[in-house]
Structure formats: C-alpha cells, structure tokens
Amino acid sequence: MLDPKVLGAAITPTDAEIQAWYATNASEFQTEETVDLDYVEISLADTARDYVPDEAALRKAYDEDPTRFRSAEERQARHILISAGTERTDAEARALADEVAKKLADGADFAALAAQYSSDPGSAARGGDLGFAGRGVYVEAFEQALFALQPGQTSAPVKTEFGYHIIRLESVKAGDGQDFEQVREQLAAALREQKAQDGFYALAERLDDLALENPGSLEPAATEVGLQIRRYAGFTRAGGGPFGNNADLASAVFSDSVLEGGENTPLIELDSGRVVVARVAEHKLPAAR
C-alpha cells in the first residue's frame, strides 16, 4: 500500500519548480468571469403591505359565501359488512345480510351482531362503530343511505363494491358557524393577500413592458413603478447572491443582447412571488491570478 500523502510529505518543491508548474498550467489559475448587475426586483411580500380593507370590503367578503365559515355536518355510523368473494357468492352474501337485518328487526344487539358477522375487522371489534364523518368520506351508495337516516334508524342492506352494508345512524353533529366578528382578522388577511397578488402581477407586467420599451436603461422603468435600482457585484454563469442559481436569469444575463448589446433582460421569475429585470453594469473577463 503506497500513500501519496505519506510519500509526498518529505518533498519540498523549489521556487523554480513552482514557477514552472504555474507557467505550464496557467489556465488552472484564472479568476472567474463575472458581471456586476443593476436590477429592479418586485416581491409579493412587499406588495400591498400597508393595505387595510375597509368595513364594506370585509362585509362583502363574509357574505359572498355563507358556507365558508361553517363546518360541515358529521354523522356517527355503525355498520355490519357482509362481503362476497372467496368466502361466499353475491347471492349468499345478500341472503346472510337479509338474515342479519331480520335479527336486528327482532331486537338483536347491533354491536354483538357486528362482532359476529361483519367482514370489516377494523370496525367489527368496536361493534361496527365508524366514528364521525362528513360527506365525501364513504362510497356514494353508503353515503346516500347514511344521510337518509334519522338518529337510531337502521338501513336495509346496501350494496357497494365491498359487499352488503347494514348501516345504523347513531348521532348527528351539526356544523358550527362563525359570525362576522369571529372571522374579521381572517377576512382581512385574505383580502390583503388578494390585493397583494393583484398588485404584484399588475406591477410585474408593467415593469416588463417598460424594460422592453427602454432597453438601454432601467431608470425609466424604476422611476415609473416607484422602485429602486439595486446592484449586485460578482454574478457568474452559475448565478449568485440574492438570485441563487436561477438558470433563466444567468442565461439572459450572459446572452449577447444583454452582455454585449447593453440591453435589459426580460422579466425573470426568480421563485414564486419574486421577479426581476436586470442589466449588466460591468463585465469582468477571466484574468490570470
């Protein structure tokens, strides 16, 4: 086993050897190509930050959807599932379901029959109890039968893809509503967010238009949209700084029209809620170190 680090520990290159290596491998010792960027950025987080919706806007938002601030009704069900398949045919399953339904009609205990007959192991151990659930949880035929029952009522056998269900409605939990004052802050936050999004997209579209109409300068665009021109030095083909490694921006910045022609980039989306237009203030080519 030969370890280069051990073998090299006793070797000390001379200045002449180091100079010769540098001269022979000069391409390895170059600074990276960079540009200094002037840019105008729009952030969703900064849009409509100080917007305060008035009472009329809040009331309108509350009244637009009466169900928005009301939780859905939930129903507690029990069921006995008689499945068909490897154990029994569909006809046999229906016959057994009818038999169990008759036992219930004659006064038998639902939980005891669920434990004895149900093919649903999860609920059978709990006497068929499925807990509370709202609409959209169960398959359609099951849901229709459940929501047609009154508390304490038991359905006739209901066929689904799983077999035959005998369903009992135990209780109903009505949906809870929230009045206007309870949701005032929630409404205000939603309206601020909507206002911010509308303002963000409108401002971004205007910035894009202005940058294209005035390709040789960012000043007209920045002045009209009311934003400052910032500068970042040291942007490379791999990106950098507040822009991360955004490939779209790097491609635009190092294109001929922007790098050599002095034009503005088009509007570039940095991430969700951040866009930028940039131009090259100074181009620094690789140089020997």
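Mentor: Let us begin with the elements: helices (H or I, at least four residues) and strands (E, at least two) are DSSP runs, numbered from the N terminus. Keep in mind throughout that this is a predicted model.

Trainee: Is Ser83 buried or exposed?

Mentor: Buried means under 20% relative accessible area, and Ser83 counts as buried because its relative accessibility is 15%. Its side chain makes a polar contact with the side chain of Ser119, at 3.0 Å. Leaving aside neighbours within four places in sequence, Ser83 is in contact with Arg88, Ala93, Ser119, Phe162 and Gly163.

Trainee: And how does Ala115 read, buried or exposed?

Mentor: Exposed is the term for values over 50%, so Ala115, which has a relative accessible area of 55%, is exposed. Ala115 is found in helix α5 (residues 110–117).

Trainee: Which residues have the most contacts inside the largest nonpolar core?

Mentor: A nonpolar core joins buried residues of nonpolar type through side-chain atoms within 4.5 Å. Here the largest one has 17 residues, and those with the most contacts inside it are Val35, Leu37, Phe235, Phe243, Leu249 and Val253. The largest share of this core, four residues, comes from α10. Apart from it lies another core, of 14 residues, among them Ala93, Leu104, Ala114 and Tyr117.

Trainee: What does Val35 touch, beyond residues up to four places away in sequence?

Mentor: Its partners include Tyr232, Phe235, Val253, Leu259 and Val280.

Methods. Residues are numbered from 1 along each chain as its sequence is written. This is a predicted model: local features need pLDDT of at least 70, side-chain atom pairs count only at pLDDT 80 or more; totals for chains, interfaces and linings use all residues. Side-chain values use heavy atoms; hydrogens and water are left out. Buried means under 20% relative accessible area, exposed over 50%, partly exposed in between (1.4 Å probe, protein chains only). Contact means heavy atoms within 4.5 Å. A polar contact is a pair of N or O atoms within 3.5 Å; within protein, one must be able to donate a hydrogen and the other to accept it, and residues adjacent in sequence count only if both atoms are side-chain atoms.
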